[in-house]
Amino acid sequence: MLAEDADRDVLRVNERFLELFGIPAEPEDVIGDDCEAFAARVSDLFVDPDGFVSRIDELIEGGEPVWNDELVLEDGRAFERNYRPIELPDGGGHLWVYYDVTEREERERRLEALNETARELMAAETCEEVAEIGVDAAKTIIGLDANVVNLYREGEGLVPVAATETARDLVGELPTFAAGEGIAWRVFESGEAKSIDDVQSDPDVYNPETPIRSEMYVPLGEYGILIAGSPTRDAFDDEDVVLSEILGINIVTALEQVQRNERIRERERELTRQNARLEEFASVVSHDLRNPLNVASGRLDLAREECDSEQLEYVADAHDRMGELIDDLLTLARERDTDIEPTPIALDSFVRACWRNVDTGDAEFTLDVEGAISADETQLRQLFENLLRNAVEHGGDAVRVGTLEDADGFYVEDDGPGIPPDKRGDVFEYGYSTTQGGTGFGLSIAKQCVEAHGWEIRVTDGAEGGARFEITGVDIGDAE
């Protein structure tokens, strides 16, 4: 802090001000000195000497308080300056307060660098890559020249997967810590970061002959631990620990993502294998099953010409059921992973056409839908035809299709006996049917069509006590 009068002579100064500018004097020795001459003398300390002097003149001329004015010194230090005019008994004056914010700036730089590292970590594809990035960040950002990341491996312990060259030079062959071994395992189990000033004094020191004197341990959740070491005592301070914990959090988040992505990739690989089996299955169904069915149907026609037996009608019904099963199985197998091609579809006319395609008998049909949706025409037709067929086969005398009150979907309901709440979770399972002649695949196909569009389907009670299937998440717009 420095206070000066209207003539810019020093009125008061403290030791910290003289220390910041490297002036070898006591505060009382500079009282009365010319501040303009003083400013010119110390201006060479700054990156922009002329700017330092002219900025002082500018602030005085402005006559308004200014806070956190930034200054950069040639030696890399960063200052902030506060200025405000002051009133004195014999006139005005000026008060200057300078702060060395180098440490704060460095801390902010490190935090920003850690944020950048977080983005790099999140782009890593393997746990080993995450560990390598973490080790490099610990060295270049936090200054942990000798550090290593040990990841937990079932049946092995904490296995070193990435380390700086300095760490390898100091330690040699990096150890794997089995359960209960060393300070590393103790800290890994506790889940709390720890800085040890002298590892030789710790009863759990792994290698009493190690050249390492001080160490810092940062647990990485269930995944492992980050270890930093130094051949000198008291090498790590609280800021090192805090920054390392921030880095540790970023490493853990990245490791979680890697494992999550690996599970997704494994699921995709499994789906690929399943789809391949389904394709093979579809081929068998379409050829190996349909061909003998066609032969049997032909033989049945010949049998009918040779004799008249009611048993042959049962055979024909069995053939028809087999044909329906084959058609439904092919639909499930071939369209399970088919990409949809949405087009605008007017619901009113489309649903009426689907109703005409279903054997509805004498059932009464009520349609109360308006607007248009974007959907794959083939899959939407399968959805409505299967729901309408299910309503006729399992319902009563009336079927209704309408728009949901909140306009985010539509429903198909009947006035039949309905579906008990404890059975509603089963109706979409493959092969589930409550009628003797049903294939049990119709509602499975309907659900598959719904999920292909990103919609949802659920079963509830109809207005007349029957079953009601609600499809939600549908964007219904105005029909053109």
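This section describes the pockets, cavities, strand pairing and cysteines of a predicted model.

Residues are numbered from 1 along each chain as its sequence is written, and side-chain values use heavy atoms, with hydrogens and water left out. Because the model is predicted, local features need pLDDT of at least 70 and side-chain atom pairs count only at pLDDT 80 or more, whereas totals for chains, interfaces and linings use all residues.

Empty space was examined first. Rolling a probe the size of a water molecule over the atoms shows where such space is left. The search ran on a 1 Å grid over the protein atoms alone. A cavity is a set of points where a 1.4 Å probe fits but cannot get out. A pocket is an open set with protein on both sides within 12 Å along at least five of seven lines. Lining residues have an atom within 4 Å of a point. Grid points are joined across faces, edges and corners, and a volume is the space filled by probe spheres set on the points.

The second largest pocket has a volume of about 400 Å³. Its lining comprises 27 residues. Val171, Pro175, Phe177, Ile212 and Glu215 lie nearest the centre of this pocket. Two or more lining residues come from each of strand E6 (146–153), helix H6 (165–171), helix H7 (182–190), strand E9 (214–219) and strand E10 (224–230). Helices (H or I, at least four residues) and strands (E, at least two) are DSSP runs, numbered from the N terminus. E6 gives the most to this lining, with four residues. By class, the lining of the second largest pocket holds 19 nonpolar, five polar and three charged residues. Here Ala, Val, Leu, Ile, Met, Phe, Trp, Tyr, Cys and Pro count as nonpolar, Asp, Glu, Lys and Arg as charged, and the others, Gly among them, as polar.

Strand E10 also pairs with two other strands that line this pocket. Two strands pair if DSSP finds at least two bridges between them. E6 and E10 are antiparallel, over six bridges. E9 and E10 are likewise antiparallel over six bridges. Ile227 in E10 stands opposite Val148 and opposite Tyr217. The hairpin of E9 and E10 has four residues between the strands, and Gly221 in this hairpin takes a positive phi near 60°. Seven of the seven residues of E10 are buried, so the strand is largely enclosed by the rest of the structure. Buried means under 20% relative accessible area, exposed over 50%, and partly exposed in between (1.4 Å probe, protein chains only). Gly224, Leu226, Ala228 and Ser230 point one way from E10, while Ile225, Ile227 and Gly229 point the other way.

The structure holds two cavities of 30 Å³ or more. Strand E1 (2–5), helix H2 (35–42), helix H3 (49–62) and strand E5 (91–100) each supply at least two lining residues. H2 gives the most, with four. The lining of the largest cavity has 11 nonpolar, no polar and two charged residues.

The second largest cavity holds about 60 Å³. Leu2, Val10, Val13, Leu18, Ile23, Val30, Asp33, Phe38 and Arg41 line this cavity. Strand E2 (10–13) and H2 each give two or more of these residues. Seven are nonpolar, none polar and two charged.

The structure holds zero disulfides (pairs of cysteine sulfur atoms within 2.5 Å). Cys35 is buried, at 3% relative accessible area. Cys127 also counts as buried, at 16%.
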